[in-house]
Amino acid sequence: MTGKDFMSALSEKAKINMLKGLIEIRKFEEKSIELYKTGKIRGYLHPCIGQEAIPVGACRAIGRKDYIISNHRGHGHCIARGADIRKIMAELFGKSDGYCGGRGGSMHIADMDLGILGENGIVGGGIPISVGAGLSCKMDDKGNVVLCFFGDGAANNGVFHESLNMSAILKLPVIYICENNMYAISMCSTDSVACEDIGKRSCAYDIPGHIIDGSDPLKVYESVGIAVKHAREGKGPSLIEAKTYRFYGHHPNDPGQYRGKEEVGYYTSQKDPVTNFKRRLLEEKIITAEEIDKIEKRADEKIKDAVIFASESREPDLKKFLRENKQD
Amino acid sequence: MREIEYREAIREAVTEEMDRDREVFLIGEDIGVYQGAFKVYKGLLDKYGPGRVINTPISETAIIGAAIGAALTGYRPIAEIMFIDFAALAMDQIANQAAKIHFMSGGSIDVPLVIRTQGGVGKGLSAQHSQSLESWFYHIPGLKVAMPSTAYDAKGLLKTAVRDNGPVIFIEHKMIYPVKGPVPEKEYTIPFGKADIKRRGRDITILAYANMVLKSLEAAEEMEREGVDCEIIDPRTLVPLDIDAIIDSVKKTGRLLIVSEACRRGSVASDISARVTEKAFEYLKAPVKIVAGLNTPIAYNLALEQASIPQKADILEAVKSIIKK
């Protein structure tokens, strides 16, 4: 199957579902920033606003038995994979009904039933784990694959080389998806990466490399689909560099002043995955403005419900925690 | 009972567990045709093939990551770090990933993973191949730490480690590999957190683990001739630690000497000393004493090397000084 076949196989309904995913992630992140600023959410929070097309397009291209590995900016990956936003929100609140019972927080959502092997608080920390998940898929021999999401910052860590090399020599079904949002906290990838495109590093491992516009969910879906097919056929890993942009700072307390106004203006006006995909579906007459309105309202309600769920959830059992950790 | 080498006992544990459970596999550097740096995996590639004896490039982080990922998705890997010194290269995966996933997930996710490695002073391997780094792992909540001193313990503890649902750091000692000891042919396992009294005595408790058990046993023989009856207690696992057995022994003898090859500063020995002092101070007839490694990297030169870790003479001197009090 070529890229074109993948695209024609995508129904109008699937495209509408993708739009729903983009909107839901965007609204979830906006709400989480709001709650962070009011003190309901503590610690660190890394919203993926501006990058939503990557999780949405990528997760659309895999099946129920496949795995994903996420990173610190991972709410979008989890939501796109079908995680329960009520349980994510409860975890952000540190409550007992959260995915981790309040022990993990924003950076440690995992759901084994959905194959979400975990976000990660260590930049690059999930990349070596993808090797093992890929090894499992190979040993199981059922054609399952692993999507491993990480950023441009992680691509400069040594684990990137160890993991891609090992996956390549063992021909593991892992799709490495580098979300190059141009900034590792404050360091621009043009300063931190020796070559122009991280995707070109694929030639070092003799594996397919794709360099794509990460603001377009269909492009992401297409490339990931090709890489997934390659992996399922036993041909090994691929590296996809999805060029994207983090619309805000590293976290809500970071105004992101290391970036020029012109640059921010360009990406937020020209490369907004939500706005652009809405426009595209309207232009292609796949959806009407009223229908989009309905989708947005439904997302708002879903998130409101999640916030109520999180607020009403009990605090973790402190006595139980102290009992489990009694000093001997 | 038949006697086999420590390394053979480890190999037996591995093969028995691989035969018992298809989910167990091996991953590490030079574990294929080379059979491991200490030949622990002799014959295993032929028996199980490259699908279950996975030989890797020199990529410690990716080895541990691969083991974690496989453990998360249904397997029970035994990953090998050739020398404990090289664990430094993989510490993120060990300390931040393997050790914390179960906790961070609210207890819903298990990481059934064994990291086999070996440490301690050998024969002139110098500063980067001779360390005793157990305190690194002892310090990190979420890891279990086993340090067997005999062939019997190595086999029984390793089988338990493989069946454990959490990450276990299994630290062998390079000087014990060729040492033979009785190992029954019938299957057995040894529970974690259960100390073993390697020698019964009434005058002084010597707490030792790994190669220091062997040195302490030699010292105890000599002290017996001088009329001092040493009890040697080997915790076998440092996490969980059988503190009750140590306290019981101290209550009986009233004296405690802790012998460890690791640098003393920030050591497991220091921690056990503090815990015993807190819990059984009123039973002590003399202050707890520690004989441990010097706070120095290990030198290449034989005399400097051996001076850096406890010798039989150091143990004898310490026992005598405690008994006098």
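In this predicted model, helix α1 (residues 6-20) of chain B packs against helix α6 (residues 151-163) of chain B at an angle of about 30°, and their axes are 8 Å apart. Axes are lines fitted to C-alpha atoms, for helices over the stretch in contact, with angles running from 0 to 180 degrees between N-to-C directions. Helices (H or I, at least four residues) and strands (E, at least two) are DSSP runs, numbered from the N terminus. The angle therefore makes α1(B) roughly parallel to α6(B) (under 35 degrees; over 145 is roughly antiparallel, 65 to 115 roughly perpendicular and the rest oblique). On the α1(B) side, the residues in contact (heavy atoms within 4.5 Å) are B:Y6, B:A9, B:I10, B:E12, B:A13, B:V14, B:E16, B:E17 and B:R20. They meet B:A151, B:A154, B:K155, B:L158, B:K159, B:V162 and B:R163 in α6(B). By class, this contact of α1(B) with α6(B) has nine nonpolar, no polar and seven charged residues. Ala, Val, Leu, Ile, Met, Phe, Trp, Tyr, Cys and Pro count as nonpolar, Asp, Glu, Lys and Arg as charged, and the others, Gly among them, as polar.

A further helix pair in chain B joins α3 (residues 60-72) and α4 (residues 91-104). Its angle makes α3(B) roughly parallel to α4(B). In this contact, B:T61, B:I64, B:G65, B:I68 and B:L72 of α3(B) meet B:Q93, B:I94, B:Q97, B:A98 and B:I101 of α4(B). The class count for α3(B) with α4(B) is six nonpolar, four polar and no charged residues.

| Helix pair | Angle | Axis distance |
|---|---|---|
| α1(B) and α6(B) | about 30° | 8 Å |
| α3(B) and α4(B) | about 10° | 10 Å |

In chain A, A:A61 lies in the loop between α3 (53-60) and β1 (67-69). A:A61 counts as buried because its relative accessibility is 14% (buried is under 20% relative accessible area, exposed over 50%, partly exposed in between; 1.4 Å probe, protein chains only). Leaving out residues up to four places away in sequence, A:A61 touches A:Y221, A:V224, A:G225 and A:V228.

Over all chains, the count of disulfides (pairs of cysteine sulfur atoms within 2.5 Å) is zero. The sulfur of A:C195 is 8.5 Å from the closest cysteine sulfur, in A:C203, which is too far for a bond. A:C195 is partly exposed at 28% relative accessibility, whereas B:C230 is buried at 0%.

Residues are numbered from 1 along each chain as its sequence is written, and chains are lettered from A and ligands numbered from 1 in the order in which they are written. Because the model is predicted, local features need pLDDT of at least 70 and side-chain atom pairs count only at pLDDT 80 or more, while totals for chains, interfaces and linings use all residues; side-chain values use heavy atoms, with hydrogens and water left out.
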